[in-house]
Amino acid sequence: MALIEAVDIVKIYPNGVLANDHVSLSVEAGEIHALVGENGAGKSTLMKILYGLEHPTSGEIHLRGQPVTIASPQAAIDMGIGMVHQNFMLVDAFTVAENIVLGREPTIHQGITINRQTAIRDTEMLSQQYGLYVEPNARVDTVPVGMRQRVEILKALYRGAEILILDEPTAVLTPRETDDLFKAVRNLVSEGKTVIFITHKLREVMAISDRVTVMRDARRVGTVNTSETNEAELARMMVGREVFMQVEKPPVRRGKPVLEARNLTFINETGRTLLHDATFTAYESEILGIAGVEGNGQTELAEVLTGLRAATSGEAYVDGVSVLGHGPRKVREARVAHIPEDRLTNGVAVMATIGDNLIVDRYYRPPFTRMGLLDLAAIRDNGQALVQQFDILAPSADLPVGSLSGGNMQKVVVARELSADPRLLIAAQPTRGVDIGAIEYIHQQLVDQRTNGLAILLISADLQEVMKLSDRIMVMYNGEIVAIFPNTPDLTEQQLGLYMLGAERQPAEEMERYQ
Amino acid sequence: MNQRHFSRHLPLIAFSVLIGLGVMFFITYRVFGGSWETMTNAPNYVSLIIVNALIGFCVLLFVVELRWDALRVILTVIFALLLGGLVTAVFFLDAANKYVQGEFRVQVVSDAEPLIDMGYGDRMTELFNNPNVDEPVKEVSYQFVGREGDEIAVLAYVEDRNADLDMAVALLDANDEVLAEASGATEEQLRTFRRYLKTENDAVIESFVLPADGTYSVVARMENPDSDARGEATVVVVSEGGESPVDMAYNAPVGATFNAPNASDPITEAAYRFAGSRGDVISVLSYAARSNVAVDLEVALVGPDGAVLAESTGSTAEQVAAYRPNLNSERDAIIEGFTLPASGIYTVRTQPEPLTTSMRISETVSQTADAYETFLLGPLSRQNRWVIWMRDALTLIMLGLAIAIVFRAEQFSLGADGQLYFGALAAGALVLAFGDLPKILLVPVALLSAATAGFLWGLVPGVLKAYLGANELVSTLMLNTVAARFYEMVITEQLQPPDAGFTTSDWFASNGLLTPIIDVAGDQVTIAVYLLIILVLITWVLIQRTPLGYEIRMIGANIKFANFGGVNSKRTIMLAMAISGAVAGLAGAHLAMGIHRRLILNISLGLGFEGVVVALLARNNPLVVPFTGLLYAYLRTGAQVMERDANVSSEVVRIIQAVVILLITADALVAFFRQRRITRRGTIELDDGSGEAGGLTASAQEVAHG
C-alpha cells in the first residue's frame, strides 16, 4: 500500500492556468521518490498541494489508504508531511537550535521563557540520530548553505515529519555538499522516513532515487524504477523528444590571444583579498573553463574583467588594448560580451520589454539611435529577429522579459551577448536554473561560437559542464589560479577536485607551460 | 504604429474619442450653464472651447495609453472620493442639531383683558398730571399675583428729583380691601431702597407679608391731586427672595436660546407662566426667533393644577400665514383658540422636538450629498472657477511631468518645490530688471532662465546622489527649504519695494507676462496652455525616443542591469534630476509670470508635492500626466468651492490625496505580486508550446503597464 497517494489531481489556478492535468503520484513508505520535469511542468504545484499550500480543483489525496483533505501547511505537518523549500525559510539572526524549535519551543517558567538547554539537546539528539551534522549554537547567517539546508530538514523532522518533500535541494549546493546531502537522505530512509525529491538534474535522480516520476506540461509522463532506466530515457521523457546530452565539439586549433589578464588583484571594501594575482590568457577558438568551488574568486574575476568592479591592481588587455578602469562600456566597446552569473540581478530588467533588454549594450549606436533619436522600428525588428534566431519562446518582443520562463530569459541574455559580435565571451554560470532543453541549446551555441573563432571564458560551478565544454581548464582556489590543464580525456573530476579544495597546487613552471 | 496595429486599436481609439468629446461637451455645457447666449456673450469663449477640446484630448490620451489601467486609475480615484465623502459626512454628523438649537420665542396671544399688569420687579411708569392732555393722570392701579408668605415692598417713586411730585401708595387685596398704605419714606427707607427711591416724597410700603395666594392691586396716586406738579412716576413691587409667580403677560413674547453651542449649561427646555382668567380665549405660540433659525419646537399648555391641557408639535401652512411674522415655518408650534377653563396661573412648556436617528441620518446624508455635489461640480459652476481649475491644472501638469521624469529613473526626488522657487525667482528677477525689453524677447529669455535655474538646482541633489550616495529623498527635502528661504531672502532684501506693506515684489511689467487667452474678470488663462503642449511632447520624446530616455528607463527598471550594459548611471541620474528640475523651474516661471504676476511669498503653495500624486496616478507616463493633472486640480478647486459654499474644510482633498497615494502604493504591490504570478504562469503556458502563447499577451501587457 502506498504511504501517500495523489489521485487524479487537477489544479486550475484562478487565472485559468492548468497546472496539473489529472496527475497521479504514488509514493511507497521508505522509498526515495524523485519527481522530475522541466521548469513549469507542474512539479511544484503538485508538491504544494501535498503540503497544503494549494488546494486541488479536483482529485483526492490518500494518506495510508485514507482520503484526507490537507487544508494548510499546519495540517500537513500534523499529518507528518514536511517540506524543505528551495529558498530557505530560516530566521537569520537566530541560532540553529532556535530555528529548529521555532514554533514548538520547549519552555520553562510556565511558558514564558524558552528552555535553550533543551532546545540545544533536542537538536543534538536529532542531529545524531539522522546523521545531519549542525552546530546548534551558531547563528544561521554564519553557517554554510549546506548546513542551512540540514537545519531545514531537522526543522521538519522536529515537527514529526514522516514524509519529507525536498524541493530542488541541490540547486544551491557544491558537489561535496550534494554528496553529504545524499548520504543524509539515505540515512533518513534507513530511519524509516520517506523522501520525495524534486529536481531536474538527471544525474542526481540516478544517484539517489528508487523510483522516478516524470512530469511534462502539467501531466504525468510516467513512473519508472530508477534501476531500469537511464539518463537519456529520462531526458526524452522530460523534454518529449530525443535530447543529445553530448555536444558536438569539433576540434579546432586555437588562434591568437584575445584576452591577456596580468596580475589581477581585487581587495574588497572590508579588506579581504578576493582575487589574487590572476594571470592568464584566453585565445581565439578556445573555451577556457574556470573550475572551482563557488566563492573562490570566479565572480570577482568576471566582474573585474567586465568593468563592473575596479581592480585593485593589475591589467587586462583585449586585442592588446588596455580595457580596465573605465567602466563596463569601455570593455564592451572592446567587443567583450558577458553572460552574468545572476541573470535577474544583472542580466535582464524584468519590467522592461524583450526588445529593450536586447539592446542595452548598443542602444546608443546606429541603427538603434539615429540623429539623437531612438529608432523604435529598428529596436522592434532587432528584437523579433533575435527572438526567432535564438528560439526564444515569446509571442512578441514587446512583452516584458518578466513574462518569460527562466530558460527563455537566459536565452534573451545569450542572444544579446552573442549577437554583439564579440571577440571574447565571459560566460558565468550560463545554464544555472535552466531546463534541459535550454541547456542543450546554450551549450551548442557556446561550442559553435568557439568553433567560429570566439574566445570564451566559461565560469561554472557545475564541474561536469566545465569538463564537457572546455578546451582548457583553469582551477581557482581562494582567489588564486592554482592550476591550468589542457582538457584531455584522462583528466578526472577527482584530480580537479584536489586542486579545487586547495589540497594541491600546480608548480609555477607547469602552469606557465599551459598558459 | 503600422496599419495592422492601427486597425486593431480602432475600437479603443473610437471609444476614447467618444469619451473625450463627451467630456469636452459636458464641461462647456456646465461652464456656460447650458445657455447658448451666455456662451456667445462671454469674451474669449472660442479659446475656452479650444481649451475644453484639449481637456477632451487629454482624456483620450489617458484612455488610449493606459487602457484597462485607466479603469484602475478611475476606480482608485472613485474609491478615494468615497472615503473623502465619508470624511465630509463627519462634518455633517451633527447637521440635524440645527433642529434642536437656536433662539426661540413664546407668546400667548389673546384679546382678553389681562388679569394682571405686572410681576415682581417690573417697573411700571406713568406720566402724571400732564397738562397737555384732556384728563391728566392722577392715579394708577396695577394688578399682580402673589403667593402666601411672599414678603414684598411696594414702592412708588419719581425718578426726576426736580419733579416735586408727592406720591402715595396703597396695597389692596382681590376684594379691594386696603391692606396697607404709605405716603412717604423715611431716611432709612431711602437708604434701603436707594436704587429706587430718590426723595422723601416717594412712598413705600415695606416688609408686607402677603396673607394668601391671589391677585393684589397696587394703587399709586398723587398725594395732593390739585397740585400742578407733574412728572413720571414709577411703581414697582419688590419681593425679597420670593419669585414672581408669572413670567409673561398676554401678547408679550419671551424667549431664550436652546442648546446654544458654546453654553456651558445649555437650555434644553423652557417653561413660562402667565395668569389668565376663566373664559379668556388664547393662542399659545412657540416659534424660532429669526427666519434663519431652524429649531423645531413643540409646546404644551399646563393648567394651574399641573394637568396638560393642550399640546402641539407644529403648525399648518394656514396658521403660519395667519400668525406671520411670528410664525415662520411649520416647524413652529401653535395651540390655537384655547379657552381657559378657570382663572389662575398657567404654564407654557416648550422644547425642541426630540431628534430621531432617522432624522439624524437623513439630514447628514442629504447635507453631505449637497456638499459633495458642490465639490464635484463646483469647478464648472462659474467661469471664474473654471479658470482657477485651469490655472492649478497647468501648474500641476508641469510639476507632474517634472516628477514623472525622475520617478521613471526610480529616483525618489521630491525637489520640485525648491526647483520651482528658483525658477520663479530667476524669471521674476529677469522680468523686473529688464521690464522694458520687448515681450517677444523678454518672455522666452525669462522662461529659459527659469528652466536653467531649475536645471542647476536639480543638478545639486543629482551630484550628491551620484558621487556621494546621498539619499535623494532627504537631500531634496533639505534643499527645498534652502531654496524657499533663499527666495524669501531675495524678495525681502532686494525686490521688495520700500512702500510695500507685505513681502512681495513689484508687479511685473506687462512685457514680462504670459499673454492671456482667456480673461474672466481678471482671472486669466495664459498661453502657457500651448507652451504646455510642447512641454508634454518634449518630455514624451525625451523618455520614449531618446537614448537618454532609454537610459532613464533602464535605470528605473534595474540599475544593475543598466550598469552591466554599460550605461553611465551616475550621469543619467544627474541628468534625470536636472532635467526634472528644469521642468519644475518652468512651473515656477508660470506661477510668477502667468498667475501671480509678481513674486509673492509661498508662491508654490506646496504644489510640488501634489505633483507627486499627479505623476503617480499617471504611472509616470508623460502623455497621461495632463489628464491626471487636470483631474487632481479639479478636485482641488472643487474642494475650495466646497469650503466656501458648504463650509467643509478643504482638508478633505488632502485625505483624498493621501488615500490615492496609499492605494497607488498598494497598487504597486499588487502589480509586483501579479508579475510574479505571471512569470510562473507564462512559463507553464510556454511549455505547452506556442499554441497558448496568445493568452500570455494580455497579462504580460498588464505587467508592462503596471
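Mentor: The C-alpha centres of domain 1 and domain 2 of chain A lie 34 Å apart. This is a predicted model, where local features need pLDDT of at least 70, side-chain atom pairs count only at pLDDT 80 or more, and totals for chains, interfaces and linings use all residues. Residues are numbered from 1 along each chain as its sequence is written, with chains lettered from A and ligands numbered from 1 in the order in which they are written.

Trainee: Which residues does the domain assignment of chain A give to domain 1 and domain 2?

Mentor: The bounds come from an automatic or database domain assignment. For chain A this gives domain 1 as 2-239 and domain 2 as 268-513.

Trainee: How many residues of domain 1 of chain A are in contact with domain 2 of chain A?

Mentor: Contact requires C-beta atoms, placed from the backbone, within 7 Å. On the domain 2 side of chain A, 10 residues take part, and on the domain 1 side the number is 9.

Trainee: Which helix gives the largest share of that domain 1 side in chain A?

Mentor: Helices (H or I, at least four residues) and strands (E, at least two) are DSSP runs, numbered from the N terminus. The largest share, 3 residues, comes from residues 231-239 of chain A, helix α8.

Trainee: How many residues of strand β9 of chain A are buried?

Mentor: Buried means 20 or more other C-beta atoms within 10 Å of the residue's own, with C-beta atoms placed from the backbone. Ile163(A), Ile165(A) and Asp167(A) point one way, Leu164(A) and Leu166(A) the other way, and all are buried. For β9 (residues 163-167) of chain A the count is 5 of 5.

Key
Two residues are in contact if their C-beta atoms, placed from the backbone, lie within 7 Å. A residue is buried if 20 or more other C-beta atoms lie within 10 Å of its own, exposed if 12 or fewer, and partly exposed in between; C-beta atoms are placed from the backbone.
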